[in-house]
Amino acid sequence: MNILNKIKNDIAKSLNIALNVKLVKAQDIVYPPNAEMGDLSLPCFDQQVFGDDLSKLTAIVNGLDFVKGVSLAGKFMNISLDKEYIIKKICSEIIKDKKKYGRNKSGKKKRTMIEFTNANTHKQYHVGHVRNLCFGDSITKILNANGYKTFPVSYINDFGTHVAKTLWALDEFYKDEEIPENKGEFLGEVYARASKELEENKLGKQMVEGMMKKIEARKGKEYEKWQETRQWTIEQSEQIYRKMNVALEHIFYESEFIDEGRAIVNKLIKKRILRESQGAVIADLEKYDLGVQVVLRSDGTATYIVADLALAQAKFEKYKLDTSIYITDNRQSLHFKQMFKILELIGYKQKLVHLTHDFVKLPGGMIASRTGNIITFEELYQALFEKIITETTKRHDDWEEERIKVVAHILSVATIKFEMNKIGADQVITFDIKKALSFQGYTAAYLLYTYARIKSIFKKSGLKDDIKKINSKLLREAMEYRLIFKLAKYPEVVARAGAEYKPSEIARYLFELAQNFNDYYHQISVLKAEEEIKLARLGLLLSVAQVLENGFGLLGIETVEEM
RNA sequence: GUCCCUGUAGUUCAGUGGAUAGAACAAGGGUUUCCUAAACCCUAGACAGAGGUUCGACUCCUCUCGGGGACACCA
């Protein structure tokens, strides 16, 4: 049970009883701007509810056993809690719950599928895709921490025109070339070249069209080449997921759903949900202010919504979902509104959510394969990895190469994930690799460094980190209380991050917690304190480390003991 | 033209309708006989504009201006 929540509920409840109303809500209770004012604050401006004389109310709150003092500042009722009580409660809860601290059950095990990292085959996997991957992975973990049964999946478009374009260019320009080791990466380059070459090439476009038809017919050498090259990118994405430590429940492919999709389209035409128009088949959603969605082009080929409908149906049936979440960049907002409307018209009742995030830009402008303004996942990872090797070697010249590499890998992945999730989803990320390589300030390195510091103190203390009990009376420093109060807020941060789908809340909280700790670290000595106090402080450190670790988990970040 | 997102220090970002708008980076100055200086401390600096709702607005509403995106055969 979340202690701060319980306290807020108790305060609200006691006031409601006294006022004989039900108007005071736990959510109304806020945190004062600075610590001298108290721990909690209730604004009492509403005369209808609180009346003019607040002194009776302060007396009531003051009577609660976890309250130490209540004061009025204008119409704000500022409440100071019994510090010893809070310290005892919070630390013992963290030490008892460990990895479970901060989790809640509000999701009621609802079956929730999160679809993300929908990169196409045959294309480059660049930092834009990386944002989607990191965001989706974190959303999955956050929802899981809020009690949802989560199914992270990916849906790959392996069957569009981009494939034919790539195969065309492969044949046209790379016929005699040896294929490099990283075939997936190579294929991405081929696709980039194809888009560029095809801009002005009419004959080429015709050839591509012809190839697409053959692939769709699923026979001939084009189809075989499709199978072969498709596998190249699939292997590459698997490698990326492994490196990034992202686990998916399942990967769906468009080619598996296109036939069923066409069958659904035929049914929907009969049901008049779809209709023919100007030679194409469309969903006319004008009366819902959602415009028109082309479903089958006038040449009979399917747009991507066709397979999407079949996929939605398969998801609902096979996984018995309560909620289906799609994560893409924000350009697709309209498309998903249209698709959700069609699914609703068909009669599906599942909750459908489209989460969007904005783009990743580079300092030189938009990411575009055509202009070569692009950073691929591999380039990003390698740049980080090498820089961290250098930095780590500088600090630990006695470490074995292998040990340095392990740390560099964890830090590289952590940096990527943190950079992608520390900014709100509806902000454009201008990804500056120089800044990402600086490791100062609001960075994953700062957070992991804080964690490593705590671990280092433990190591030097000679104690194992299995402290069972903390003598809370010995934690009397103001900074200690501040740290613990910050720890107490963690569960509500998890809840908010889940309700609002905001990994950035977690990132920010962790940074603030780390700042609080580093401040404490510089002012208060742990190991030099007298024995009893030392033990209590080690217990506090253990709690801080645990919350950091739990929060890292929600961002998909692993820890290092030393760095 | 319609719709969606967005505008906060030099830069990149925070800010469930609450009190004195917070950080980080960059800039300048300081802290290592002291648990890892990938750290800490100090200095300077901002709500695009105008109305409205409210006891109270960076936050909600309207308009103007600026940036990004989507709107029938690209996904």
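Mentor: Start with pairing: two strands count as a pair if DSSP finds at least two bridges between them. Keep in mind that this is a predicted model.

Trainee: How many bridges join strand S2 and strand S3, and in which sense do they pair?

Mentor: Strands of a sheet pair through backbone hydrogen bonds, either parallel or antiparallel. Here S2 (residues 67-73) and S3 (residues 76-81) are antiparallel, with 6 bridges.

Trainee: Which residue takes a positive phi in the hairpin of S2 and S3?

Mentor: Gly74 does, with phi near 65°; the hairpin has 2 residues between the strands.

Trainee: Next, the sheets. What is the strand order in the sheet that holds S8?

Mentor: The order is S7-S8-S9, an open sheet of 3 strands with antiparallel pairing. Strand S7 (275-277) and strand S9 (292-296) are the edges; each has a single partner strand, so one side of each lacks a neighbour in the sheet. From one strand to the next, the twist averages 50°.

Trainee: Where in S9 is the bridge partner of Ile282?

Mentor: Ile282 has Val294 as its bridge partner. Between strand S8 (residues 280-284) and S9 there are 4 bridges, in the antiparallel sense. When following side chains along such a strand, recall a general rule: in a regular strand they alternate between the two faces of the sheet.

Trainee: What is the order of the sheet with parallel pairing?

Mentor: That open sheet has 5 strands, ordered S6-S5-S4-S10-S11. Its edges are strand S6 (250-253) and strand S11 (351-357); each of these has a single partner strand, so one side of each is without a neighbour in the sheet. The twist averages 25° from one strand to the next.

Trainee: Which residue in S10 stands opposite Glu115?

Mentor: Tyr326 does. The strands involved, S4 (residues 111-115) and S10 (residues 323-329), run parallel and are joined by 4 bridges. Helix H5 (residues 127-145) packs on this sheet and touches S4, strand S5 (149-156), S10 and S11, its direction making about 160° with that of S5. Helix H11 (residues 304-319) also packs on the sheet, where it touches S4, S5, S6 and S10; the angle between its direction and that of S4 is about 145°.

Trainee: Now helix pairs. At what angle do the axes of H13 and H14 cross?

Mentor: For helix H13 (residues 377-395) and helix H14 (residues 401-421), the crossing is roughly 130°, and the axes come within 8 Å. H13 is therefore oblique to H14. The crossing is right-handed. Residues of H13 including Leu384, Phe385 and Ile388 meet a set in H14 that includes Val407, Ala408 and Leu411. By class, this contact has 11 nonpolar, 5 polar and no charged residues.

Trainee: How do H5 and H14 cross?

Mentor: Their axes come within 9 Å and cross at roughly 85°. An angle from 65 to 115 degrees counts as roughly perpendicular, so H5 is roughly perpendicular to H14. Val130, Arg131, Cys134, Phe135 and Ser138 of H5 meet Ile416, Lys417, Met420 and Asn421 of H14. The classes here are 5 nonpolar, 2 polar and 2 charged.

Trainee: Is the crossing of H4 and H19 left-handed or right-handed?

Mentor: H4 passes H19 in a left-handed crossing. The axes of helix H4 (residues 83-97) and helix H19 (residues 531-555) come within 9 Å, at roughly 60°. The two are therefore oblique to each other. Cys91, Ile94 and Ile95 of H4 make the contact with Gly539, Leu540, Leu542, Ser543, Gln546 and Val547 of H19. That contact has 6 nonpolar, 3 polar and no charged residues.

Note on methods:
Residues numbered from 1 in each chain as written. Chains lettered and ligands numbered in written order. Predicted model: local features only at pLDDT ≥ 70, side-chain atom pairs only at ≥ 80, totals over all residues. Axes fitted to C-alpha atoms, helices over the stretch in contact; angles between N-to-C directions. Parallel < 35°, antiparallel > 145°, perpendicular 65-115°, else oblique. Left-handed = near helix turned anticlockwise from the far one by under 90°. Contact = placed C-beta atoms within 7 Å. Nonpolar A, V, L, I, M, F, W, Y, C, P; charged D, E, K, R; others polar.
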